[in-house]
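My plan is to look up the ligand and the space around it.

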Amino acid sequence: MRIRKLSEGTINRIAAGEVVERPASVVKELVENAIDAGSTQIDVVFRGGGKSLIRISDNGSGIDSGELSLAIQRHATSKLGDDSLIEITSLGFRGEALPSIASVSRFKIISRADADGAEIEVEAGHPKEVAPASRQKGTDVEIRDLFFATPARLKFLKSDRGETTEALDIVRRLALAHPRTGFTFVTEDRRMLDAPQETQHARISRILGDEFIANAVVVDAAAEDIRVEGLVSLPTYARGQATLQFAFVNNRPVRDKLLSGAIRGAYADVLPPGRYPAVVLFISCATNRVDVNVHPAKSEVRFRDPGFVRALIVGTIRKAIANRNAQSNTVITKAAVASFYPQTNTNFGGFAEAPQAAFTMQMPLAGRADVNSLPEPHQEFPLGYALAQTHENYILAQTGDGLILVDQHAAHERIVYERLKRERDQQGIYTQKLLVPQVINLDPTSVTVLDAATDELQNTGLLLEAFGETAVIIREVPAAFTNADLPTLLHALADELSNSTTAEVMENRTNKMLATVACHYSVRSGRILRIDEMNALLREMERTPNFSECNHGRPTFIRLSLTDLERLFGRT
Ligand code: ADP
Ligand code: MG
């Protein structure tokens, strides 16, 4: 075989394989073009999962009739003034999208810049003549029968509904970054997005929901010339999937491992694996700090200094969620309020039918508040003053404008965990030597795993070594680690160690081990506390970072405001 150059058509189809993997990528390229053209309104029609019709209409700058045939040629772009790939400010720049899409579909552009409008059709890469067409300023790009020219591609597509979801997700992401542009997304029978031009805040709330806004904290930090801003959810508003994570670099939506890793790292302490926070993060930096030309779809980026960017994001988010203090978690409060409402059709005549009261108060003698001894109300604490303990685990406290219910086990777990971390980072964890070293029988695998990790374990305050093949001997435990169930703790630690991969960042791994220690160290439910002990716990919670959740991401307290109470009793 002789070496020969590929035809233009073949080159375009190869490029199409990278740029237009699926209908959603077509939508992405075309909506980005419309944004680059300065449009204030962009309308997407998406039929048959994108295979029968994709039409994107905009009111942007348009394409001059004399340039239409150039626009569909490979590597033709109006966006790189001087061939420099350094100062990229537009979403597009490779000049690949239109020719790639046109090579695998029946394609048509109608556009008008300042003079008269024109249109051009392309069938599987073969252009027809440019013809005059009437239109207002702006552009329509219409794609029918996507991939009809490359049927093999069709086999890799998801169901129509799956492709529609993907495409809508792309439009949502772009819409988040461009609130001053109106967007619609319509399928054959539904208007799935209808966003007018609006403020950034309104746009975020439209795309992520009011619930998110109510459960999110603002992040805003800058270091050197990098800025990180946005909204991140409280850990208690986490989801089972990462679908509500939106990251932008210089206003370009990206799905980037560095960024998702940084988000995971920021929540590592407050969320268990498999739970994902909702976040909207805008990262802006000088264009020479980041390379966007890493992948044909331009959804990955490469920072010149990834470690710095990661540290900035992790630090900023951690601080924001730790600082929000007693901000109430409305999802939980709402769920709580809902559960307080009496069932409908309840027969109040008979006790058996009475609604299950959520507060069956059993005040142990020790826990009864002496009303006269309550401190002055003007000294307001976020978690208020303890009134009672119920069910040997829940602390009821009163604040200026409502009630707080604390899960004392969860709260104590968080306090101990944060204290252990602080000690570890400052002078090392305070430990106590056991008068009589304790021998604990375990399975051989656990013994091997624990014995291999003695250094790490010592960092968590546990001094131990293997004692034969089926036991370990413990010599030191964290101070005040009284009557802990050591065998259970060691089993949990061995599990933790064998599940964690060696690739896992060391800090994460020791933090997880500390969390496990804290969990077994904590006041289990069932301990009766005196009022002063309860108040001490509340004050300590207020001083503790991340005090709203335990180490497993469950809330440590819920708040019922007076308004909530009034609603419960139908007073408002
Ligand atoms: P790129 O966006 O990388 O420049 P494309 O193939 O997507 O490459 O588009 C080629 C050119 O066509 C663009 O540079 C732009 O000049 C023009 N163009 C495409 N879509 C539009 C649009 N909706 N409005 C105005 N001009 C457009
Ligand atoms: Mg483009």
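Which polar backbone atom lies 3.0 Å from an oxygen atom of ligand 1? I found that it belongs to Leu 98.

Before going on, I note that this is a predicted model, in which local features need pLDDT of at least 70 and side-chain atom pairs count only at pLDDT 80 or more, while totals for chains, interfaces and linings use all residues. Residues are numbered from 1 along each chain as its sequence is written, chains are lettered from A and ligands numbered from 1 in the order in which they are written, and side-chain values use heavy atoms, with hydrogens and water left out.

I then looked at side chains, and found an oxygen atom of ligand 1 at 2.8 Å from an N or O atom of Asn 33 and an oxygen atom of ligand 1 at 2.5 Å from an N or O atom of Thr 77. Taken alone, ligand 1 exposes 530 Å² (Shrake-Rupley method, 1.4 Å probe), and the protein buries 93% of that.

Next I looked up the residues around ligand 1 (a heavy atom within 4 Å); there are 21, and Asn 33, Thr 77, Ser 78, Lys 79 and Gly 95 come nearest. I sorted this shell into nine nonpolar, eight polar (Gly counted here) and four charged residues. Its largest share, three residues, comes from α4.

Finally I asked where ligand 1 sits, and the space it takes is the second largest pocket. A pocket here is an open set of points on a 1 Å grid where a 1.4 Å probe fits, with protein on both sides within 12 Å along at least five of seven lines, and lining residues have an atom within 4 Å of a point. About 700 Å³ of space lies in this pocket. Of its 34 lining residues, Asn 33, Ile 63, Ser 78, Lys 79 and Leu 98 are the closest to its centre. The largest share of the lining, six residues, comes from α2.

Definitions and conventions: Points joined across faces, edges and corners; volume = space filled by probe spheres on them. Helix = DSSP H or I, 4+ residues; strand = E, 2+ residues; numbered from the N terminus. Polar contact = N/O pair within 3.5 Å; in protein donor to acceptor, adjacent residues only side chain to side chain. Sits in = over half its atoms within 2 Å of the grid points.
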